[in-house]
Amino acid sequence: HLDAAATSHVVSLGDLGGKAEGAEPGSQKCFNLAKEFLEGFGRPYDLVTGNHDLESVDFVSDEENLEAWKRSFDTEPCWVREVGSNTVLIGLSTTRFRDSPGSVHEVWVSQEHFDWFERTVAEHAGSNVMVFTHAPILGCGLKALQKVHIKNMCAWLNHTDCPERFIDVVKRSPQIKAWFSGHFHLSHDYADSISVVNNCTFV
């Protein structure tokens, strides 16, 4: 149950669905079922893609798979929303799976989208900014799985492509108050599931 006074906006961190009703991850059917689920909260919502959202065998390219996601949710991979009087939400999606030169499961933000992110953060210097990505960023202090994600070079956002640039933005942008991520599927029942760097709380 979501109380109307306590919750005004829902954000999904990606990796939608599973194999319910034959809806394989990344398929149009999976996206459509996820849309029904998110609409069931009765609140405005946004979402970012996760690595598994682009793995469907129904599509031959990352671009085609991403277009299916955009069709279902009528949104773009990167977005900014103003909620309340002084709070800004920023979402950054991964857009590469098949085209990845390394692990297909690396959560990757393009240079174009990173540049947009930097500009958008700077434009909201007087706001409380919250960022949403599927994978956490290098330097955030959250637990990483050594034998799974670190070994396969897909633990952090842009793991193999200048991953330190994201924490650099955090360190010079005190308006970034919180950064939410998923990817590890560990819930929060351990000590380093939440961390703080500068003014930013990572969850």
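Me: Which residue does W179 stand opposite in β8?
Reply: W179 stands opposite F202, and this is in a predicted model, where local features need pLDDT of at least 70, side-chain atom pairs count only at pLDDT 80 or more, and totals for chains, interfaces and linings use all residues. Residues are numbered from 1 along each chain as its sequence is written, and side-chain values use heavy atoms, with hydrogens and water left out.

Me: ok, and how many bridges pair β6 with strand β8?
Reply: Two bridges pair β6 with β8 (residues 200–202) in the parallel sense, where strands (E, at least two residues) and helices (H or I, at least four) are DSSP runs numbered from the N terminus, and two strands pair if DSSP finds at least two bridges between them.

Me: What about β5 and β6, parallel or antiparallel?
Reply: Strand β5 (residues 128–132) and strand β6 (residues 176–180) run parallel and are joined by four bridges, with V129 standing opposite I176 in β6. On β5 there is also a parallel link to β4, made by five bridges, and there G91 stands opposite F132 of β5.

Me: Then which way do β3 and β4 run?
Reply: Strand β3 (residues 78–83) and β4 run antiparallel with six bridges between them, and the bridge partner of C78 is L92 in β4. Three residues lie between the strands of this hairpin, and G84 takes a positive phi near 70 degrees in it.

Me: How many residues of β4 are buried?
Reply: Five of the six residues of strand β4 (residues 87–92) are buried, so the strand is mostly covered; buried means under 20% relative accessible area, exposed over 50%, and partly exposed in between, with a 1.4 Å probe and protein chains only.

Me: Switching to helices, which residues are buried in α3?
Reply: In α3 the buried residues are H113, F114, F117, T120 and V121. They cover an arc of only 125 degrees around the axis, which puts them on the same side of α3, the arc being that of the directions from the helix axis to the C-beta atoms.

Me: And which exposed residues are on the face turned away?
Reply: That face of α3 carries the exposed residues E112, A122 and E123.

Me: What span should α3 have?
Reply: Helix α3 (residues 111–123) has 13 residues and should span 18 Å at 1.5 Å a residue, which agrees with its end C-alpha atoms being 18 Å apart; the expected span is 1.5 Å times one less than the number of residues.

Me: Which residues of α1 are buried?
Reply: C30, F31, A34 and L38 are the buried ones in α1, and they cover an arc of only 95 degrees around the axis, which puts them on the same side of α1.
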